[in-house]
There are 2 protein chains.
Amino acid sequence: MVKTLRLNRDRVLRAAIELADEIGLEQLSMRRLAQELDVVPMALYKHVANKDELIDGMLDMIVTEIDPPGPGAEWKPAVRQRILSARRAMLRHRWASRAIEMRQAPTPAILAYLNSVIGILRAGGLSANLTHHVMHALGSRVLGFTQELYTPGDAREAPDMTPFPHVLEIAMAAAHENDSIVGGGCDDQFEFEFALDVLLDGFERLKDQNWTSTPIRYG
Amino acid sequence: MVKTLRLNRDRVLRAAIELADEIGLEQLSMRRLAQELDVVPMALYKHVANKDELIDGMLDMIVTEIDPPGPGAEWKPAVRQRILSARRAMLRHRWASRAIEMRQAPTPAILAYLNSVIGILRAGGLSANLTHHVMHALGSRVLGFTQELYTPGDAREAPDMTPFPHVLEIAMAAAHENDSIVGGGCDDQFEFEFALDVLLDGFERLKDQNWTSTPIRYG
DNA sequence: CTCCAAGGTGTACGTCGTACACCCACTGTG
DNA sequence: CACAGTGGGTGTACGACGTACACCTTGGAG
């Protein structure tokens, strides 16, 4: 029997991420994680302060998976690429977005990422003022995710939709569009890029007209 | 001693909403709610299937607080007004957005609300195809909220921000902008309307140029 | 060899959601 | 008036959960 290596923070975080990938964030418990590591629950607390701090650590590890910014390019494609890379990281770990929603303060890694995105915008010529509003407008989208209101693909055993004819029509439109997909769900990637581009184009237009939220003071 | 009235679903839901308003969603437990109603925990289960169903009921009640659509107007101001009304409802119950994020399927009341918004867009001349993408792009914003990455106003005892100069600069810009507010936090309402207008303007432009995601088939 | 700290263990407490059996007070029926 | 039935509040209990606290073990430094 191979006696597994000593525990350390890194091993704990990696195991937690892997476990969350498998069973989901809500099923992840300290006890389950300890069991996965062949260790008693309390052993984890020698490496992690508590569950919240564990999740913070997991998130930091995920966020550092995001590709670094490429070499000089226009701000719009640069930001676009960065955000789509973040999205790929989030798709690799579907629980991550929910975890970010749960935490209240951004972790250092998230701050570093935000800092770099802001840097791209500023270097691209957007004013500090506009950049500020842009970051708010992007919201969680800057990290590659948005919360959808309807879980896609649950068309089976859907409740009666006849009271909501407009919803039905829209759903049908989506189903027709990409009938290549058997389930008829939406193309999430397309929807994400669509919204992102609407926003980025809007930001560009505001930049070009020197938009600012603060009235210009003369004198 | 006044013997309080019999319990019923409505009283349970109202008490739950009031309690969540006071102590927050994460502090709301079946036991705490029962105590508030001078009743034993299990009594609640005669009126509510389980905690998830309780939250669904609370949400349905909140969503029906949203103002009905006003009389005929342009689609853009009509949708704008509807969404800002939803936002007001969400601000009255700060826990609601988190609750919606937690649920997986939209409740009937939410479906009805979405249906009405879609109806406004369709009546305004947007194609079913464009409307579909518009609804996705709005995401949770259609219900009046977005998840912010940074809890605003926590400037006190902030961690060291010197590693993130761009973040700092943006935060300073925000503080300068509305120095009327002592804390220097962002004007959330402004940020919300800013992002909403960027999106709505973008949608209008796409509508005007008959944008569609499906290639037009000839013949 | 000895000592000490880092790290794994065992037990225990207080919380949670909720299954299940109970019982009681009311109501409609004869 | 008797009585059964049922809707609704009660009590107990179980198996999760996070984690405080005291304990023990081990491996490397001196």
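Which of the 15 residues around DNA strand C come nearest? Keep in mind that this is a predicted model, then select A:L7, A:V40, A:M42, B:S29 and B:N50: those are the ones. Now show the rest of the surface near DNA strand C and colour by class: you'll get 8 nonpolar, 2 polar and 5 charged residues. Helix α2 of chain B, residues 30-36, is the top contributor there, with 3 residues.

Next stop, the contact between the chains. Chain B puts in 48 residues, and chain A puts in 48 residues. On the chain B side, pick out α6 (108-123), α7 (128-138), α8 (165-177) and α9 (188-208), the elements that each give two or more residues. That side of chain B splits into 23 nonpolar, 17 polar and 8 charged residues.

Where they touch, 11 residues come from domain 1 and 11 residues from domain 2. On the domain 1 side, look at α1 (9-23) and α3 (51-63) of chain A, which each give two or more residues; α3(A) has the largest share, 6 residues. By class, that side holds 7 nonpolar, 1 polar and 3 charged residues.

Last, bring chain B back for the largest nonpolar core, 116 residues in total. A:A16, A:M58, A:L199, B:A16, B:M58 and B:L199 touch the most other members. Zoom in on B:M58: beyond its neighbours within four places in sequence, B:M58 contacts B:L13, B:A16, B:I17, B:A20 and B:A99.

Definitions and conventions
Residues are numbered from 1 along each chain as its sequence is written. Chains are lettered from A and ligands numbered from 1 in the order in which they are written. This is a predicted model: local features need pLDDT of at least 70, side-chain atom pairs count only at pLDDT 80 or more; totals for chains, interfaces and linings use all residues. A residue is near a molecule or strand if its C-beta atom, placed from the backbone, lies within 6 Å of it. Helices (H or I, at least four residues) and strands (E, at least two) are DSSP runs, numbered from the N terminus. Ala, Val, Leu, Ile, Met, Phe, Trp, Tyr, Cys and Pro count as nonpolar, Asp, Glu, Lys and Arg as charged, and the others, Gly among them, as polar. Two residues are in contact if their C-beta atoms, placed from the backbone, lie within 7 Å. A nonpolar core is a set of buried Ala, Val, Leu, Ile, Met, Phe, Trp, Tyr and Cys residues joined through C-beta atoms within 7 Å. A residue is buried if 20 or more other C-beta atoms lie within 10 Å of its own, exposed if 12 or fewer, and partly exposed in between; C-beta atoms are placed from the backbone.
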